[in-house]
Amino acid sequence: MAVGLRHFTARAGNGSGEPILDTDNGEELVHVQPSVSVAVGDRAPESPGTLYITTRQVIWLSELDREKGYAVYFLSLSLHAVSRDPEAYPSPCIYTQIETEADEVEDESEDSDSECSEVLDLSKIREIRFIPSDANQLDTLFQVFCECAELNPEPIEEGEEEGHNWIFSADQLEDEAGAGDDVEWHFSQNPTNTIGHSNGHHDLASSVLELQINDQRFEDAEEMEQDSDTGHHHQSQQTKYLGSGMDRCTSSRYWIGF
Amino acid sequence: MLFFSYFKDLVGREVTVELKNDLAIRGTLHSVDQYLNIKLENTRVVDQDKYPHMLSVRNCFIRGSVVRYVQLPPEEVDIELLHDATRREAR
């Protein structure tokens with residue numbers, strides 16, 4: 001899915017002039033607002049057009065120029081707001097900020113776009129305003145923007161779940177060299193409370209549950225080095241601890257990771 | 001869902017949301033959702049010289065994924081409560 005503002009020219013040929021949507025993938029039109037101008041970046045507002053808000057993106061199509069249109073996915077909209085302050089902008093409008101690919105770079109190129117330049121690099125545009133001719137529609141538009149933005153959360157990739165680094169105790173903070181200037185979280189060290197302490201196994205940073213198994217395999221001292229086919233190794237001497245003194249036991253336990 | 005619940009309790013308080021693009025916006029927390037999308041009211045930009053275009057917008061919807069920090073008033077933060085809640089969440 002493309003990041004940032006794009007040109008959009010795909011209109012239905014049936015005379016309605018409506019944008020062609022990705023209906024195969026469930027995109028639906030949610031709201032249509034005619035008589036809306038658009039101001040891209042710092043440029044002057046462009047001649048009235050129609051705003052189409054879908055479940056995936058915001059599309060503006062020019063009324064006068066059938067080849068002109070802009071679109072941006074909700075995934076790229078960092079924020080949107082109702083702007084009524086004339087000092088901020090002369091006309092009441094929906095102000096939106098667009099997350100661009102080069103967002104880390106302080107890019108001032110949008111200011112250098114002059115009126116005469118028709119070739120506009122949309123991918124660098126950071127702000128866009130939608131100016132309805134009827135200012136009373138602003139709150140409705142804002143609401144629709146909110147509802148559709150909520151339909152577009154960040155897609156969760158499988159790999160991200162493993163990237164969680166939950167800090168359970170101050171021990172982990174000390175072991176991570178140069179760990180974080182963000183020291184907002186201070187956990188008091190409570191040696192009597194072993195819950196949440198990872199006992200030095202920092203690779204097990206994801207949520208784990210320690211399971212104490214009163215298993216017959218642990219009972220008999222003679223039964224050593226058995227059941228190695230399961231992949232767990234356990235020594236029968238370390239048996240029957242029920243939650244205390246866990247720091248002595250570095251092996252012989254079952255880890256269940258979630 | 002811990003921070004969703006936590007922010008729900010902060011609705012009505014003044015917060016400052018700092019975005020990943022360095023913009024900092026102060027306002028009254030109107031609502032928050034499960035993705036930590038944030039709606040602010042009576043917003044004003046903290047560093048007005050840097051972002052003049054956003055002067056006093058009335059309502060603002062901020063996408064959760066672009067938030068870097070949410071700065072809270074210290075008197076509103078119960079460290080012990082958060083401590084216990086995060087411990088419970090981690091189990």
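A: Chain A of this predicted model has an average pLDDT (the predictor's confidence in each residue, from 0 to 100) of 74, and 55% of its residues score at least 70. Over residues 109-116 of chain A the pLDDT is below 50, and that stretch has 13 contacts (heavy atoms within 4.5 Å) in the model beyond near neighbours in sequence. Residues 225-252 of chain A also stay under 50, with 42 contacts beyond four places in sequence. Local features need a pLDDT of at least 70 and side-chain atom pairs count only at 80 or more, whereas totals for chains, interfaces and linings use all residues. Residues are numbered from 1 along each chain as its sequence is written, chains are lettered from A and ligands numbered from 1 in the order in which they are written, and side-chain values use heavy atoms, with hydrogens and water left out.

A nonpolar core is here a set of buried Ala, Val, Leu, Ile, Met, Phe, Trp, Tyr and Cys residues joined through side-chain atoms within 4.5 Å, where buried means under 20% relative accessible area, exposed over 50% and partly exposed in between, with a 1.4 Å probe and protein chains only. The largest core has 29 residues, of which A:Leu5, A:Val40, A:Leu51, A:Phe130 and A:Phe145 touch the most other members. Among the elements of chain A that give two or more residues to this core are β2 (29-40), β3 (46-54), β8 (127-132) and α1 (138-150), helices (H or I, at least four residues) and strands (E, at least two) being DSSP runs numbered from the N terminus. The largest share, 8 residues, comes from α1(A). Leaving aside neighbours within four places in sequence, A:Leu5 is in contact with residues including A:Val40, A:Tyr70, A:Val72, A:Ile98 and A:Ile128.

A second, separate core of 25 residues includes A:Leu79, B:Phe4, B:Val15 and B:Ala85. B:Ala85 is also one of the buried residues of α2(B), together with B:Leu82, B:His83, B:Thr86 and B:Ala90, and the buried residues of this helix pack against α1 (2-9) of chain B.

As for the cysteines, the structure holds 0 disulfides over all chains, a disulfide being a pair of cysteine sulfur atoms within 2.5 Å. For A:Cys146 the nearest cysteine sulfur, that of B:Cys60, is 9.1 Å away, and for A:Cys148 the nearest, that of A:Cys146, is 9.6 Å away. A:Cys148 counts as buried because its relative accessibility is 1%.
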